[in-house]
Structure formats: C-alpha cells, structure tokens
Amino acid sequence: RAAFPHRGAFDSALVADQLRCGGMLEAVRIARAAFPHRLPKVIFTQLFAPLSSARPENSSDVAELAAALLPDGGYCIGKTKIFLRPNVMPVLEQRRFHLRSSNALSIQKSARSRLARVMLALSLRAVK
C-alpha cells in the first residue's frame, strides 16, 4: 500500500492518518509483536478443530477453539485471521500429525482385520 501526501510537501500527520485508516499501523504492530503465523479463521478451524472437543459452528467461535487448544495463550485473534506465536504452530501441527497417524492406523487395522476374515472364510470354504 502506498501513502501519498497529496500536497507538494510531505505532511507526516496526513501520511500517518492514511496508514492508520488503511490498517497498516495495526498490521505492523501485530507483526512486531512476533506473530509470524497467520491463518484465516476458517482454515484454522478446519485444520485444528479435530484436536479439541469444542467444535465451533462459525468463525466467531474461533476464540473458544483457540482457548481450548492453547490454554497458555500464544495467539491473537483479528477480524478475519488468527495470529500465532512462533512456538505455537509447530506444537499444533505435531498434535495434528499424531491424531492423523492414529486415525490412519485405526483404518488400516480395520481393513487388515476385514481382509483376514475374508481370507479365512475363503480358505475354510476351500477345505470343505
């Protein structure tokens, strides 16, 4: 985004007002507060809602989900995005990885069990 003084001389108050109205000062403040990971609320909910028993119906309930997942903080919620501290995202991704691995193992276990029962039934029929 560009801020223009609109007059021949540079007017710092006018440029600061343009930056404030454009949201640039708030963006810089959040970035300086060390929130390098930025996710839209919908994406955060899709990725990390399975990790919690709290299932938000809409993006306004992201605060509840974030509080349930991150009781120690490490996040800031904006109008459309959630901002995460550097050490928070890897922890959430690791928990998500373990949950997905566990679910994949359960599916594989069920499939292998079913296959073993089918193979046993076929071998019993062949013996008769």
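Helices (H or I, at least four residues) and strands (E, at least two) are taken as DSSP runs and numbered from the N terminus, while axes are lines fitted to C-alpha atoms, for helices over the stretch in contact, with angles running from 0 to 180 degrees between N-to-C directions. The model is predicted, and local features need pLDDT of at least 70, side-chain atom pairs count only at pLDDT 80 or more, and totals for chains, interfaces and linings use all residues. Residues are numbered from 1 along each chain as its sequence is written, and side-chain values use heavy atoms, with hydrogens and water left out.

The chain contains five helices and three strands, arranged from the N terminus on as α-α-β-α-α-β-β-α. Of its 128 residues, 21% count as buried (under 20% relative accessible area, with exposed over 50% and partly exposed in between; 1.4 Å probe, protein chains only).

Helix α3 (residues 41–48) and helix α5 (residues 88–127) have axes that come within 10 Å and cross at roughly 40°. The arrangement of α3 relative to α5 is therefore oblique, the class left once angles under 35 degrees (roughly parallel), over 145 (roughly antiparallel) and 65 to 115 (roughly perpendicular) are set aside. Phe44, Leu47 and Phe48 of α3 meet Met89, Leu92, Glu93 and Arg96 of α5, contact meaning heavy atoms within 4.5 Å. By class, this contact has five nonpolar, no polar and two charged residues, where Ala, Val, Leu, Ile, Met, Phe, Trp, Tyr, Cys and Pro count as nonpolar, Asp, Glu, Lys and Arg as charged, and the others, Gly among them, as polar.

Glutamate 93, located in helix α5, counts as partly exposed because its relative accessibility is 29%. Glutamate 93 and phenylalanine 48 lie 45 residues apart in sequence and 8.4 Å apart in space, C-alpha to C-alpha.
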